[in-house]
Amino acid sequence: MRRRVETLWLPWLPGLSVALETLGGESRFCMSDFSEDLIRPMTEDDPGGNCVPSGTGMYLPWLQKHIESVATGGKKEKDFAQTTNACLHFIQEALLKHQWQQAAEYMHSYFQTLEDADSCKRQAAPEIIWKLGSEILYYHPKSGVETFNTFADRMKNIGVMNYLKISLQHALYLLHHGMFDDASRSLSQAETWRYGEKSSSQEVLINLIQAYKGLLQYYTWSKKKMELSKLDEDDYAYNTTSQNMLSHGWKTSVNLCALIQIPGVWDPFVKSYVEMLEFYGDQDGAREVLTNYAYDEKFPSNPNAHVYLYDFLKREKAPREKLISVLKILYQIVPSHKLMLEFHRLLRKSGREEHRRLGLEVLFAVLDFAGCTKNVTAWKYLAKYLRETLMGRHVAWVREGWDSRRSWWPSFHFSYFWAKSDWKEDKALASEKAVVAGILLGKGCRYFRYISKQDHQVFRKKIKRMKKLVKKCSIVNPGL
């Protein structure tokens, strides 16, 4: 049988040439050239005994005896495993330290895993080499798109089971570099690729490939939509662009519609598909897609699904009760979501007592999270709503929300340290927090006392009103 050898040169690794040798349909790395490049004659002046040079003059003493035995065919399996494991460890350590050139030099030695006697390790080697190599090529200062493309194309054919996965990651790399046409071609080639019987893992990857292809088609459609918005409806170009959009829209919808029927998290694909449905006037179809995505038990719990449904219902000017029902589920999943302040406003406007009561708990829940402690709007809403609730003779609502927080909110929000810090950084925030602190802890609270003693021309009237309000509405006041 005639032997055909293809050589892949990687310019970012000085002195390294990796040959792909195809013999009888089987692809593997040609290790003989690799070993010859590494081994050099030793002299008595060599420090540390026998060494192996890397492509840039870096010597690796621990590799010599192993490579000699590879070259002579007498290597023991145990030594081989120790060599490759040590090499993998050094590569991982170099990656963690962002030492890209050093990682590349160790990769020079790690290719020998493709000839491991252990069939399991040999089968796993292509994926490991792809992950490590692509990471190095992505960040290495001397690497470029052409080098990455060459590496990806070669790796797709080493261990064919990784073809789809590498094709998808290669396409994402091209997208990152703005090469949309090349990415689309890569995805189209992968979409039609088959190896043996279709497995469940292959099916998942094919679905993803089709989805990203649909996303690229959506990108083309979206650009045409922007072009269309700038044209006059009577213009000839308007009709031409409209026809192109219909064509692209149909192709995209086929890919995206099939994907989002599969249980999973498909946020960007769902958003794209719904936008297209709305553009073509299919409001019922868009509502059905979003409702299923949010409520179908086959799909995992996903906060964004409820956000998308809420935004759609707002655009449709849905009734307040419907908007509240959607945000209520989002509140149960992510109490600190940015839409919770909007949820509070909807509840506050509702005529139902249970909604107004929930409105107070929503504000308490938002401020339970460290990421919301500096949210002036949240503190302003809470200060105002506490006053309204207490004036409405609903002290029990306030006590119910406060009882579970009494043991940790004072140190979390209302310490002397935070009073000084908040006043220095944001006086508006400090003023709103002081009102809440005074109502919940009384005028003896350290936070309230510190803020109330400040003499600032802009906030003088506000501090005076704050003192009167706390005196009248504090739940510490026995008169309430």
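# Exercises on a predicted helical chain

Of the 480 residues in the protein chain, 45% count as buried (buried is under 20% relative accessible area, exposed over 50%, partly exposed in between, with a 1.4 Å probe and protein chains only). The model is predicted, so local features need pLDDT of at least 70 and side-chain atom pairs count only at pLDDT 80 or more, while totals for chains, interfaces and linings use all residues. Residues are numbered from 1 along each chain as its sequence is written, and side-chain values use heavy atoms, with hydrogens and water left out.

## Exercise 1: the chain as a whole

Describe the secondary structure, the contacts and the accessible surface of the protein chain.

Step 1. The secondary structure comes to 23 helices and three strands. Helices (H or I, at least four residues) and strands (E, at least two) are DSSP runs, numbered from the N terminus.

Step 2. Take the contacts in the chain with a separation of 6 or more: 57% of them join residues 24 or more positions apart. A contact means heavy atoms within 4.5 Å.

Step 3. The accessible surface is about 25600 Å², and 51% of this belongs to carbon and sulfur atoms. The areas come from the Shrake-Rupley method with a 1.4 Å probe; for residues, only the protein chains shown count as cover.

## Exercise 2: helix α16

Step 1. The expected span is 1.5 Å times one less than the number of residues.

Step 2. The buried residues of α16 include His355, Leu358, Leu360, Leu363 and Phe364.

Step 3. Lysine 328 lies in helix α14 and counts as partly exposed because its relative accessibility is 36%. Not counting residues up to four places away in sequence, lysine 328 touches Phe343 and Leu358.

## Exercise 3: helix α7

Which helices do the buried residues of α7 pack against?

Step 1. Helix α7 (residues 163–176) has 14 residues and reaches 20 Å from its first C-alpha to its last, close to the 20 Å expected at 1.5 Å a residue.

Step 2. Among the buried residues of α7 are Tyr163, Leu164, Ile166, Leu168, His170 and Ala171.

Step 3. The buried residues of α7 pack against α5 (119–139), α6 (145–156), α8 (180–191) and α9 (200–229).

Step 4. Glycine 178 follows α7 and has a positive phi, near 75 degrees.

## Exercise 4: cores and rings

Which residues of the largest nonpolar core touch the most other members?

Step 1. A nonpolar core is a set of buried Ala, Val, Leu, Ile, Met, Phe, Trp, Tyr and Cys residues joined through side-chain atoms within 4.5 Å.

Step 2. The largest core has 81 residues, and those touching the most other members are Phe343, Leu382, Leu386, Trp409, Leu440, Tyr447 and Ile451. Another core lies apart from it, with 39 residues, among them Leu114, Phe148, Ala171 and Leu205.

Step 3. The structure holds 28 aromatic pairs. Rings of Phe, Tyr and Trp (its six-membered ring) pair if their centres lie within 6.5 Å; planes under 30 degrees apart count as stacked, over 60 as edge-to-face and the rest as tilted.

Step 4. Phenylalanine 417 and tryptophan 418 form an edge-to-face pair, 5.1 Å centre to centre with 70 degrees between the planes. Phenylalanine 417 is exposed, at 57% relative accessibility, and tryptophan 418 is partly exposed, at 27%.

Step 5. Ring pairs also link Phe364, Trp379, Trp402, Trp408, Trp409, Phe412, Phe414 and Tyr447 into a cluster.

## Exercise 5: positive phi

Where do lysine 317 and arginine 393 lie, and are they buried or exposed?

Step 1. Most residues other than glycine have a negative phi.

Step 2. Lysine 317 has a positive phi, near 55 degrees. Lysine 317 is in the loop between α13 (303–315) and α14 and counts as exposed, at 73% relative accessibility.

Step 3. Arginine 393 has a positive phi of about 65 degrees. Arginine 393 is in the loop between α17 and α18 and counts as exposed, at 67% relative accessibility.
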